[in-house]
Amino acid sequence: MEQILEVTDLYKSFDIAGSRKKVQAINGVSFTLNRGETLGLVGESGSGKTTVGRCLLGLEAPTAGSVEFQGMTLSRKVNVRSPRLRGKIQLVFQEPAESLDPRFRIVESIEEPMKAAGMPRTEREGRIDEVMRRVNLPRRILDYYPASLSAGQQQRVGIARALATGPALIVLDEPTSALDPTARAEIIELLMAIQQETGTSYLFISHDLSAVHHVSHRIAVMYLGMIVEQGPASVIFSAPHHPYSMGLLSSVLLPDPEIRRKATLSLAGEIPSPINLPDACFLASRCPFATDQCRATMPPREEIGPGHFVHCFHHEEAARADQPSDTFEEFQAVAQRVLGITDRRDEAQPGDAVRLHSVDRP
Ligand code: ADP
Ligand code: MG
C-alpha cells in the first residue's frame with residue numbers, strides 16, 4: 001500500500017493574550033494515511049481535531065513535529081495554497097458557507113483552486129463539467145450564487161471544488177454535521193463513490209459516529225490533543241482498549257440511543273484544562289482503572305495488535321471489563337438504517353460485516 005501522508009509527533013500550542021500560559025491543543029499526534037484510505041478522526045468538541053486538520057494543510061504552523069505529504073514537508077510556506085502542491089491537498093468544511101464565498105458564482109468557486117494550482121483555461125473548462133457530473137449537479141447552477149442552493153447542494157459544490165484539482169488527500173472537517181439526514185446520507189454515499197473511482201484519501205473529522213463508522217477504514221480517537229487509541233475501524237468499534245474510547249462509544253456521540261454500546265463505562269470526574277495538562281495520563285482523573293502509575297506517568301504508545309495503538313497502562317484490564325460484543329455489526333445495521341443507506345457490498349454474508357468493512361473496501 002502506498003503511503004501518502006505521515007504525521008510525526010505533532011504538537012501545537014496557542015498563546016493566550018495577556019498571559020504567559022498556552023493552550024496545549026495538540027500533544028504528540030502521529031499517524032499515517034495510505035492511498036485510497038479513510039482515517040476517521042473522532043473526539044469531543046475541543047479535543048483538537050480541527051487543529052490537526054489545519055496543521056496538515058499548512059494553515060497552522062506546528063509547534064513541534066512534522067507533516068510529510070508525498071515527499072514534501074508541509075509548513076506555513078508549503079501549504080494547501082502553494083502552487084508547488086498543485087492542489088494535491090484540498091479541504092471541505094462543515095459549513096459550506098466557509099468554502100463558498102457568497103459573492104462568487106458557483107463556477108467561480110469551483111474554478112478558483114484550479115487557477116491557484118496553475119491549470120490552463122482550456123483544461124479548467126473540461127474539468128468543471130467533469131466534477132459537476134461527479135457530484136450529480138446540473139450545469140445550469142454554475143451561474144447561481146451559493147445562497148440559492150440548499151445546504152446539501154452547497155456541500156456538493158464544496159466537494160466539486162475540492163475535487164477540481166485532482167487531490168490525493170481531502171481533509172473533511174465535519175462535512176455532514178450541518179446537514180439533514182437525507183442530505184447527510186447522500187454526501188456519505190457520494191464521498192465513498194468518489195473514493196472508489198479516484199483513490200483519493202480522506203481524513204474524515206467528525207463527531208457523528210454513524211457517518212465515521214460508515215466511511216472509515218481506520219479510526220483515531222482524540223482526547224485533549226492526543227490520539228489515545230487508533231486502529232482498524234472494526235476493532236475500535238467492537239473491541240476498544242482505551243477506557244476513553246469505551247466511554248466515547250458508549251455515550252455522548254451516538255445520534256441514536258439504539259446504537260449505544262451495551263457496556264457503558266462512565267467517565268466521571270474533572271477534565272483537565274488544556275492550559276494546564278498533567279504530566280501523567282490525561283484521563284487519570286476520570287478513569288475507573290486509574291492507579292498511582294497513571295497519575296504519575298504518561299502511558300507510552302503501545303502497539304497491541306496489527307496497526308492498533310493505545311496509550312494506556314491498563315488496556316488489558318479495561319478491555320476485559322468491557323463486554324465483548326457484536327456491537328460492530330449491530331452498529332453497522334443500525335447506522336445504515338439511521339442513515340438510510342443500503343449496503344452495496346453484495347457479497348457480504350451475515351456475520352462477515354467486520355471482515356468486509358475493515359479490510360475489503362478497495
Ligand atoms: P475540535 O475541532 O476537536 O473541536 P479544536 O482543534 O478546534 O478542537 O480546538 C482544540 C483546542 O485548541 C481547544 O481548546 C481550542 O479552544 C483551542 N484552540 C483552537 N484554535 C485556537 C486558536 N486559534 N487560539 C487559541 N486556542 C485555540
Ligand atoms: Mg472542530
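**Entry 1: strand β8**

Which residues of β8 point one way and which the other way? I found that S201, L203 and I205 point one way from β8, that Y202 and F204 point the other way, and that all are buried. I took a residue as buried if 20 or more other C-beta atoms lie within 10 Å of its own, as exposed if 12 or fewer do, and as partly exposed in between, with C-beta atoms placed from the backbone. Strand β8 (residues 201-205) is mostly covered, since 5 of its 5 residues are buried.

I note that this is a predicted model, in which local features need pLDDT of at least 70, side-chain atom pairs count only at pLDDT 80 or more, and totals for chains, interfaces and linings use all residues. Residues are numbered from 1 along each chain as its sequence is written, and chains are lettered from A and ligands numbered from 1 in the order in which they are written. Helices (H or I, at least four residues) and strands (E, at least two) are DSSP runs, numbered from the N terminus.

**Entry 2: partners of β8**

I next looked up the pairing, where two strands pair if DSSP finds at least two bridges between them. Strand β3 (residues 38-42) runs parallel to β8 over 4 bridges, and G40 has F204 as its bridge partner in β8. Strand β7 (residues 169-173) also pairs with β8 in the parallel sense, over 5 bridges; D173 has I205 as its partner there. From β7 the chain crosses through α6 to β8, and this β-α-β crossover is right-handed. By that I mean that, with the strands pointing away from the viewer, the path from the first strand over the helix to the second runs clockwise.

I checked the length of helix α6 (residues 181-198): at 1.5 Å a residue its 18 residues should span 26 Å, and its end C-alpha atoms are 26 Å apart, which agrees. The expected span is 1.5 Å times one less than the number of residues. The buried residues of α6 are R184, A185, E186, I187, I188, L191 and Q195. An α-helix has 3.6 residues a turn, so residues three or four places apart point the same way. Just after α6, G199 takes a positive phi of about 75 degrees.

In the loop between β7 and α6 I found E174. E174 has a positive phi of about 55 degrees although it is not a glycine. E174 counts as partly exposed because it has 19 C-beta neighbours inside 10 Å.

I read α5 as 13 residues reaching 18 Å from first C-alpha to last, close to the 18 Å expected at 1.5 Å a residue. In α5, 12 of the 13 residues are buried, among them Q153, R156, I159 and L163. The buried residues of α5 pack against β6, α2 (96-99), α3, α4, β7 and α6; a contact means C-beta atoms, placed from the backbone, within 7 Å.

In helix α3 (residues 106-116), I106, S109, I110, E111, P113 and M114 are buried. These pack against β6 (89-92), α4 (121-134) and α5 (151-163). Just after α3, G118 takes a positive phi of about 80 degrees.

N136 has a positive phi of about 60 degrees although it is not a glycine.

**Entry 3: ligand 1**

Which residues are around ligand 1? I listed F14, V23, A25, G43, S45, G46, S47, G48, K49, T50, T51 and P274, each with its C-beta atom, placed from the backbone, within 6 Å. The elements giving two or more residues to this shell are β2 (22-34) and α1 (49-56); α1 gives the most, with 3 residues. By class, the shell has 4 nonpolar, 7 polar and 1 charged residues. Here Ala, Val, Leu, Ile, Met, Phe, Trp, Tyr, Cys and Pro count as nonpolar, Asp, Glu, Lys and Arg as charged, and the others, Gly among them, as polar.

**Entry 4: the antiparallel sheet**

I traced 4 strands in an open antiparallel sheet, in the order β2-β1-β4-β5. Its edge strands are β2 and β5 (72-73), each pairing on one side only. Strand β1 (residues 3-15) pairs with β2 over 10 bridges, and D15 stands opposite K22 in β2.

Notes: Two residues are in contact if their C-beta atoms, placed from the backbone, lie within 7 Å.
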